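Here is a short report on one protein model. Keep the sequence and the 3D view side by side as you read.

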Amino acid sequence: MKRQVSRTEKLNAEFQKDIYEVITKRLKNPLITEMFSILRVDTSKDLSHAKVFVSVYSVNEEKKNVTFSAIVDDAKRIRYELAKITSTRTVPELHFFLDDSMEYSDKMNKLFTQIKRESKSDND
């Protein structure tokens, strides 16, 4: 039996795509120099607020922080541009959160690979 997707879930997916598009194509903030992605958007039931989870990919911690800060500082402009292209009557207030789960996952995978390699060499 197929699960029906709620209106909020549809809006979250639409906002996720549209927020990325606004940041990359409409705003063109010169401080956003690092690659990033919008991992998830969680919108409140009344559509007044949305948590936007952003992952910034950079080996340079300072550039990563500058990019994320620029996105946070542009929250009102992003919302304004989002209102122009979205199909909803109201656009929620955007709250950005840095999500480092991808980096954590990568770090853990490297550690497991290293442990596996070390245990294999110990058995030889």
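## Terms and model

Helices (H or I, at least four residues) and strands (E, at least two) are DSSP runs, numbered from the N terminus. The expected span of a helix is 1.5 Å times one less than its number of residues.

This is a predicted model, in which local features need pLDDT of at least 70, side-chain atom pairs count only at pLDDT 80 or more, and totals for chains, interfaces and linings use all residues. Residues are numbered from 1 along each chain as its sequence is written, and side-chain values use heavy atoms, with hydrogens and water left out.

## Helix α2

Helix α2 covers residues 61-73, which is 13 residues. From first C-alpha to last, α2 reaches 18 Å, close to the 18 Å expected.

Which residues of α2 are buried? They are K64, T67, F68, A70 and I71. Buried means under 20% relative accessible area, exposed over 50%, and partly exposed in between (1.4 Å probe, protein chains only). Down the axis of α2, the buried residues fall within an arc of 155°, so they line one face of the helix. That arc is taken from the directions from the helix axis to the C-beta atoms. An α-helix has 3.6 residues a turn, so residues three or four places apart point the same way. Turned away from the buried side of α2 are the exposed residues E62 and D73.

## The strand pair

β1 (35-43) and β2 (49-57) are among the elements that the buried residues of α2 pack against. The two strands run antiparallel, joined by eight bridges. Strands pair if DSSP finds at least two bridges between them. M35 has Y57 of β2 as its bridge partner. Five residues sit between the strands in this hairpin, where L47 takes a positive phi near 60°.

## The core

The largest nonpolar core has 24 residues. Such a core is a set of buried Ala, Val, Leu, Ile, Met, Phe, Trp, Tyr and Cys residues joined through side-chain atoms within 4.5 Å. I19, V54, I78 and F96 have the most contacts inside this core. Helix α1 gives the most to this core, with six residues.

What does V54 touch beyond four places in sequence? Its contacts (heavy atoms within 4.5 Å) include F36, F68, I71 and F96.
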